[in-house]
Amino acid sequence: MKLPIGLQHGVLAGLLAGIGSATIFLLRVLRSLPLVALRPGLVVRQVYLVGVLSLVIIMISGLFVGMVLALQGYNNLVRFGAEESLGVIVALSLMRELGPVVAALLFAGRSGSAVAAEIGLMKATDQLSAMEMMAVDPIHRVVGPRFLAGLISLPLLVAIFTTLGIFGGYVIGVQLLGVDAGSYWGQIESAASFREDVLSGIIKSIVFGLLISWIAVFQGYTATATAEGVSRATTQTVVISSLAVLALDFVLTGLMFSGD
Amino acid sequence: MTQHDNLVELSRVRFLRGDRPIFDGIDLNVAAGSVTAFLGPSGTGKTTLLRLISGQLRPASGSVRVDGQEVPQLRRKALYALRRQMGMLFQSGALLTDYNVFENIAFPLREHTDLPESLIRHLVLMKLELVGLRGARALMPDELSGGMARRVALARALALDPAMIMYDEPFVGLDPISKGMIVRLVRLVNDALGLTSIVVTHDLEDVLQVADYCYLISQGKVMAHGTPEALRADDSPWVRQFMRGEPDGPVQFHYPASTYAEDLLGERR
């Protein structure tokens, strides 16, 4: 296809071509998912590798983010005598924003990079070509299960991150700083709405899961088959995923909370 | 398969990499049941030829027929059905590094059949016995030597009992004993299993021992073809240079460049 003059060698043309091929690739992956779902063993193994093995970093981070939120929140709220609202501040920040975003950033660094490196290395060592020659489609066998595993794992990791964050807030706020336990939990229960707060977090986590998995498998699959190419794919996965998560979080927040 | 005299037929195949032609109207045939060698200096696109035959690459023009089917026109499903009849041995072996030797050979069987585990075990052990590595079935790919990895890859390529097998530089980087084993296996496997074999190599002496027919390829063209004896007797300058390994001749030692004096005295680039 001939592009208009000025676009032929520009950055924009490169970007558009990149997005185009990534979208075609995503469609191929999505088409493979029904077949992938017929082989749950492959997906479960990948959920273990990208999800279960991320638990430690997600749990510890969630706990500390909740504890810091409680400390900062308490110091500010106590000036207005509103420290009873600490639970709401911690819970809403985590459910709406910090849970999905921080967990997604950690997931991109921990699992996205690993998936891109693994697929890239399989390509560099001809393993993907060998599969094609054995009439096994690497999109079904390698890419699909990893993509689906990311899509399943991130929402669960976000839920765990958020829950531990709220618990961390409780430990600092209630146990250490003396906020009333009944107020902490009661205010969360009365102020947090399922549709606005919990559901928005779930939607964000699913979108981020899809985004990071897509970027990771695409970068790995299209990596140049050299050591440098694989290293570039790994770095690109983390950089592009992080920027995309932050940018898309802004868009999603704008869409979901514009009526507030 | 194999009802045609020629299992593989390439006619007037052009293939470009960017604007650079790799093949410029190449014609060649591989007779069913034979061991055919594609020979040529490094970088002449011999591996590309295998990728064209297996449908991993498409030619710019011309016809690539395998078992009477026009490969570039096959849709994915038909292409995969054809590939189940082809085995390919990659230069690196390309074993799946997360699986041990046994699982690597079982991989195509598990992917394409619903055979019970006991039968898969028998088939895998049979293939391993053929390449002499039954005792190495529990090893991981990183525990194998180069020659062993290639024999495992051969066993894997044979797992689905293909009609044809393609070897990409099977002799490169092997010690004389391992190389001798692979040379012997190429012939043995071809004759014992009634296959058609294509061997891509620049390793002249080894392949002339096993090949029934050879194509000498260079500069995007078939420079000569014939039986090993006919090629040895060929007196054209190019064939003579290649067969005798002379450093200079029609294939020049120097990559095309301006004169050395011009480079030394001219502008620095």
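Predicted model: local features only at pLDDT ≥ 70, side-chain atom pairs only at ≥ 80, totals over all residues.
Trainee: What percentage of the residues in chain A is buried?
Mentor: The C-alpha trace of chain A spans about 65 × 50 × 30 Å along its principal axes. Among contacts in chain A with a separation of 6 or more, 84% are between residues 24 or more positions apart. Of the 260 residues in chain A, the buried share is 46%.

Trainee: In chain B, in which helix is confidence lowest?
Mentor: Chain B has a mean pLDDT of 87, with 96% of its residues at 70 or more. Confidence in chain B is highest in helix α3 (residues 101–112), at 93. At the other end, with a mean of 79, is helix α9 (residues 237–244) of chain B.

Trainee: Which strands stand at the edges of the open sheet in chain B?
Mentor: Six strands of chain B form this sheet in the order β6-β7-β8-β3-β9-β10, with mixed pairing. An edge strand here has a single partner strand, so one of its sides is left without a neighbour in the sheet. In chain B that applies to β6 and β10 (221–226).

Trainee: Are the faces of strand β6 of chain B covered or uncovered?
Mentor: On one side of β6(B), residues 86–89, B:M86 and B:M88 are buried.

Trainee: Which residue in β7(B) is the bridge partner of B:M88?
Mentor: Strand β7 (residues 164–168) of chain B runs parallel to β6(B), and four bridges join the two. Within β7(B), the partner of B:M88 is B:M166.

Trainee: Is the crossing of α5(B) and α6(B) left-handed or right-handed?
Mentor: Helix α5 (residues 146–157) and helix α6 (residues 176–193) of chain B pack at an angle of about 15°, their axes 10 Å apart. Because angles under 35 degrees count as roughly parallel, α5(B) is roughly parallel to α6(B). The contact joins residues including B:R150 and B:L154 of α5(B) with residues including B:M181 and B:L185 of α6(B). The crossing of α5(B) and α6(B) is left-handed.

Technical notes:
Residues numbered from 1 in each chain as written. Chains lettered and ligands numbered in written order. Heavy atoms only, no water. pLDDT = per-residue confidence, 0-100. Buried < 20%, exposed > 50% of the residue type's maximum accessible area, 1.4 Å probe, protein only. Pairing = 2+ DSSP bridges. Axes fitted to C-alpha atoms, helices over the stretch in contact; angles between N-to-C directions. Parallel < 35°, antiparallel > 145°, perpendicular 65-115°, else oblique. Left-handed = near helix turned anticlockwise from the far one by under 90°. Contact = heavy atoms within 4.5 Å.
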